[in-house]
Structures are given as structure tokens and as C-alpha cells.
Amino acid sequence: MDSRKNLELARKIIIKEYNTLIREIILDKDRPVLKIVFHIEIFLYIRYNYYGEYSYCVIFSPNPDDQMRFDNYDDIWDVKTRPHHFHVRGMQSVVHSPMSGEPNDDIPILLKYVLDSIKK
């Protein structure tokens, strides 16, 4: 799996569909991470690696645990989508995840979660 290609695809999708919401978007040249800063000061970090692992982390504020994360880095969570799982905002619980690690499928879902969280 080509992590750089996945990051570039994720960036392309975000710019095409959500550009008006974005203040800054940075594709790190040395590490496999894409950082998105929304105008409302929410930070999104998208990571892919060469082992088929991914992480989508949304940080809402500097308050501890005011974030949510989708990933498949560990296989310890007892959810039906294992190893894919979702750390719910507040980081107090883990539930099943709609993510697969494929940018074309995941990025629209991820941005819907971000936008829905803003409305709450």
C-alpha cells in the first residue's frame, strides 16, 4: 500500500469538496501525515503507512481527550469491524467503525463526522 499516494488522494478529495472550510492543509514531506486546519480551529491528522494501517484523528480543542479517532493500528477492541475501530469524542469509549482505510470511501465519511460534530 502506497501511503504517500493515499495521502495525496485524501488531500485532493478534501480540497475538491471542502476547500471553503479549510484554512490550511499541509502534506508533510518527510512523514506520512496530512494535517488539515479548519477555519474554526479544528485540526485533522490523516496518516497512512506501508502496512495497510491508517489513523484519522480530529482534535476539537486543546482540552485533554477532546478528540475522536478512527484507526486500525491495534486489534484489541471487541468490535464487529475489528481491527477497524472508532474512539468516540472524549476518548472514553470505542465502537465499530465505518472506515476501511481507503481514502475514496473514508474521507467523505470522515468529513461528515467532523461536520456533524461541529453542529452539536
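This section describes salt bridges and backbone features in a predicted model. Residues are numbered from 1 along each chain as its sequence is written, and side-chain values use heavy atoms, with hydrogens and water left out. Because the model is predicted, local features need pLDDT of at least 70 and side-chain atom pairs count only at pLDDT 80 or more, while totals for chains, interfaces and linings use all residues.

Side chains of opposite charge can pair when their charged atoms come close. A salt bridge is taken as a side-chain nitrogen of Lys or Arg within 4 Å of a carboxyl oxygen of Asp or Glu. The search of the whole structure returned 6 salt bridges. One of them joins the side chains of Arg89 and Asp66, with an N to O distance of 2.7 Å. Arg89 lies in the loop between β6 (85–87) and β7 (94–96), and Asp66 in the loop between β4 (54–59) and β5 (67–71), so the pair ties together parts that are 23 residues apart in sequence. Helices (H or I, at least four residues) and strands (E, at least two) are DSSP runs, numbered from the N terminus. Accessibility is classed as buried under 20% relative accessible area, exposed over 50%, and partly exposed in between (1.4 Å probe, protein chains only). By these cut-offs Arg89 is partly exposed at 38%, and Asp66 is buried at 16%.

A further salt bridge is formed by the side chains of Asp71 and Arg69, at 3.0 Å from N to O. Asp71 is buried, with a relative accessible area of 2%, whereas Arg69 is partly exposed at 23%. The side chains of Asp116 and Lys112 also meet in a salt bridge, with an N to O distance of 2.8 Å. Both residues of this pair, Asp116 and Lys112, belong to helix α2 (residues 103–119) and are 4 residues apart, about one turn of the helix. Asp116 is partly exposed, its relative accessibility being 29%.

Backbone geometry was examined next. The peptide bond from Arg82 to Pro83 is cis, with omega near 10°; Pro83 is located in the loop between β5 and β6. A positive phi in a residue other than glycine occurs at Glu41, where the value is near 65°. Glu41 sits in the loop between β2 (33–38) and β3 (43–48) and is partly exposed, with a relative accessible area of 39%. For Asp65, phi is likewise positive, near 65°, in a residue other than glycine. Asp65 is placed in the loop between β4 and β5 and is partly exposed, at 38% relative accessible area.
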